[in-house]
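Subject: Structure handover

Hello,

Here is the structure for you to look over. My notes follow below it.

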Amino acid sequence: MSQGTDMNSSALKVAKSRLRSLMKERLASLSQDHIISQSVKVFESLSSFKPYVDAKRVAVYLSMPSGEIQTDSIVRHALSCGKQVFVPYLHKSGLQPSDGPARLMDMVSLRDLKDYESLERDKWGIPSVDAATVHERKRSVGELGGNRTEDISLDLILLPGVAFDIDPNSKAVRRLGHGKGFYDYFLHRYTLAASPEEKTLEGRPAVLLYALSLKEQLLSPSSGESVPVGSHDQPIDGLFLGDGQIKESANNGSAN
């Protein structure tokens, strides 16, 4: 698969779709025990990772029942450590089609463990925040239900993904998402909302972006496969792997 930076938008879309289909087949063959075993190793690596230990506000995806690293233990641990935990919430954007997507993702706060355990699963089996409770929650950026409150900056965001690789030239970790663009557009909005003090010298928000990956989701250079990327794809700082490794993007200054 050719490098995404050399593709036009049409070819990029096709390449991403093909890789998602290929990964879906591969991940469907993994047993739940295999996924749980790798999830435990990711949790063990993360729980001693200094940026996580030091983080006061952590955003984390709530996992599907299969096909990806499970995050239940991470959410429970973060809450037990007294961290503010934020989870995804999808809502109508209110934007015109020419101005942006019809649906947006924001990160909203969990109150406590009881609140987390009360979340009902959606049609994909993912625990989901009830829209009726959103007005009671803190949020990281954006406008929910027409009501604005103070934006809450995040220290660390833990992202899902379909496939990952290491760029052979820049040595950056690259991520292929599920194709809806929720995280990329959220990070774009988060960047726009961040104050100058909350940004790096490169203009990126200071929040650390780490993805969680099964071993099977990291593409090997010898396979001839690579993650297609375009200008709108957000770079990430690193990757927690199901074998206990942490892959860091080049020039990332975080320490574990």
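In which loop is the place of K171? K171 sits in the loop between β7 (163–166) and β8 (173–176). Helices (H or I, at least four residues) and strands (E, at least two) are DSSP runs, numbered from the N terminus. K171 is not a glycine, yet its phi is positive, about 65°. K171 is partly exposed, at a relative accessible area of 46%. Here buried means under 20% relative accessible area, exposed means over 50%, and partly exposed lies in between (1.4 Å probe, protein chains only).

Before you read on: this is a predicted model, where local features need pLDDT of at least 70 and side-chain atom pairs count only at pLDDT 80 or more, while totals for chains, interfaces and linings use all residues. Residues are numbered from 1 along each chain as its sequence is written, and side-chain values use heavy atoms, with hydrogens and water left out.

The sheet

The sheet is open and has seven strands, in the order β3-β2-β1-β6-β9-β10-β11, with mixed pairing. Two strands pair if DSSP finds at least two bridges between them. β3 (103–109) and β11 (246–248) are at the edges with a single partner strand each, so one side of each has no neighbour in the sheet. On average, neighbouring strands of this sheet are turned by 25° against each other, direction ignored. Axes for such angles are lines fitted to C-alpha atoms, for helices over the stretch in contact; angles run from 0 to 180 degrees between N-to-C directions.

Look at β9 (residues 208–213). Six of its six residues are buried, so β9 is largely enclosed by the rest of the structure. L208, Y210 and L212 point one way, while L209, A211 and S213 point the other way. β9 pairs with β6 (residues 156–159) in the parallel sense, over four bridges. β9 also runs parallel to β10 (residues 238–241), again joined by four bridges. The bridge partner of L212 in β10 is F240.

Helices over the sheet

Helix α2 (residues 32–47) lies across β6, β9, β10 and β11, at about 130° to β10. α4 (72–80) lies across β1, β2 (84–92), β6 and β9, at about 125° to β2. The buried residues of α4 are I74, V75, A78 and L79. They cover an arc of only 125° around the axis, which puts them on the same side of α4. That arc is taken from the directions from the helix axis to the C-beta atoms. After α4 comes G82, with a positive phi near 85°.

Y116 is in helix α5 (residues 113–117). Y116 counts as buried, at 7% relative accessibility. Contact means heavy atoms within 4.5 Å. Leaving out residues up to four places away in sequence, Y116 touches L62, D72, V75, R76, L79 and L110.

The cores

A nonpolar core is a set of buried Ala, Val, Leu, Ile, Met, Phe, Trp, Tyr and Cys residues joined through side-chain atoms within 4.5 Å. In soluble globular proteins, nonpolar side chains tend to be buried together. The largest core here has 55 residues; M107, L154, I157, L158 and F186 touch the most other members. β9 gives the most to this core, with five residues. A second, separate core has eight residues, including L19, M23, A163 and V229.

Which backbone nitrogen does the side chain of S63 reach? It is that of T71, at 3.1 Å. This is a polar contact: a pair of N or O atoms within 3.5 Å; within protein, one must be able to donate a hydrogen and the other to accept it, and residues adjacent in sequence count only if both atoms are side-chain atoms. S63 is in the loop between β1 (57–60) and α4. S63 counts as buried at 8% relative accessibility. Beyond its neighbours within four places in sequence, S63 contacts residues including E68, R121 and P127.

Q217 is in the loop between β9 and β10. At 1% relative accessibility, Q217 counts as buried. The Q217 side chain reaches the backbone nitrogen of L214 at 2.9 Å. Not counting residues up to four places away in sequence, Q217 touches M23, A163 and L212, among others.

Best wishes
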